[in-house]
Amino acid sequence: MSCIARPDIHRLRRQQPNPATQATVTEHWTRLILSYARHRQLFVLRVEDAEKAGGAWDEILRNDRIHRRLLPSHLAFVLAQMVSADHASYEPPKQARSVLLHWRRPEEWAEVLHAWATDTAQLNTILTFDDIVDPPVPSPLSNLPIPLLRRAIGILAKSGRAQMIAVADGEGVRLFAGSGR
């Protein structure tokens with residue numbers, strides 16, 4: 001059991017007919033999902049996670065003590081609301097059953113990436129995406145999904161602090177000094 005406090009929202013496991021109540025419930029689920037994902041370093045949530053037991057999300061999507069679980073249809077609704085509020089993005093695109101969670105906004109990931117490159121003396125060095133998300137020493141960027149890394153690099157590129165580079169192993173980036181502000 002983790003140190004995430006599970007609120008008493010499992011009694012509201014399905015969509016509510018009252019729009020004000022539904023907005024409050026969705027806000028609670030959004031905060032719970034994002035804080036749990038950040039705590040457990042989870043990036044992807046699928047509607048299927050509410051359908052089957054034994055996954056990384058059971059702790060918040062299921063409450064076996066009271067025989068409750070978040071219904072898949074309600075989770076799909078919550079995920080759609082999270083995407084519309086930019087707390088998540090559909091991944092892969094053009095489907096609505098799997099999201100990439102933004103427990104850090106892409107702008108924040110861009111700053112984390114730049115700080116990591118600065119702290120590890122990687123500025124002006126060509127790095128593959130694997131060098132960044134699977135470094136020899138674990139970092140805040142370890143296991144960061146590639147689509148989120150691309151967005152962070154794009155943000156840095158707009159401020160002149162990064163350049164995408166094609167490398168033999170796929171994609172790479174060169175990070176430059178600068179504050180970007």
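**Helix packing and burial**

Reply: H1 and helix H4 (residues 72–84) pack with their axes 10 Å apart and at an angle of about 80 degrees, where axes are lines fitted to C-alpha atoms, for helices over the stretch in contact, and angles run from 0 to 180 degrees between N-to-C directions. This is a predicted model, in which local features need pLDDT of at least 70 and side-chain atom pairs count only at pLDDT 80 or more, while totals for chains, interfaces and linings use all residues. Residues are numbered from 1 along each chain as its sequence is written, and side-chain values use heavy atoms, with hydrogens and water left out.

Me: What makes H1 roughly perpendicular to H4?

Reply: Angles of 65 to 115 degrees count as roughly perpendicular, under 35 as roughly parallel, over 145 as roughly antiparallel and the rest as oblique; the angle here is about 80 degrees, and therefore H1 is called roughly perpendicular to H4. On the H1 side the contact (heavy atoms within 4.5 Å) involves residues including Thr 26, Trp 29 and Ile 33, and on the H4 side residues including Phe 77 and Gln 81.

Me: Why is Thr 26 called buried?

Reply: Buried means under 20% relative accessible area, exposed over 50% and partly exposed in between, with a 1.4 Å probe and protein chains only; Thr 26 has 8%, so it is buried. Thr 26 lies in helix H1 (residues 19–40) and, not counting residues up to four places away in sequence, touches Phe 77 and Gln 81.

Me: Why is Thr 128 called buried?

Reply: With a relative accessible area of 17%, Thr 128 is buried because the value falls under the 20% limit. Thr 128 is placed in strand E6 (residues 126–128), helices (H or I, at least four residues) and strands (E, at least two) being DSSP runs numbered from the N terminus.

Me: How do you know that the span of helix H7 agrees with its number of residues?

Reply: The expected span is 1.5 Å times one less than the number of residues; for the 13 residues of H7 (residues 146–158) that gives 18 Å, and the end C-alpha atoms are 18 Å apart, so the two agree.

Me: What puts the buried residues of H7 on the same side?

Reply: Leu 148, Leu 149, Ala 152, Ile 153 and Leu 156 are buried in H7. They cover an arc of only 135 degrees around the axis, and therefore lie on the same side of H7, the arc being that of the directions from the helix axis to the C-beta atoms.
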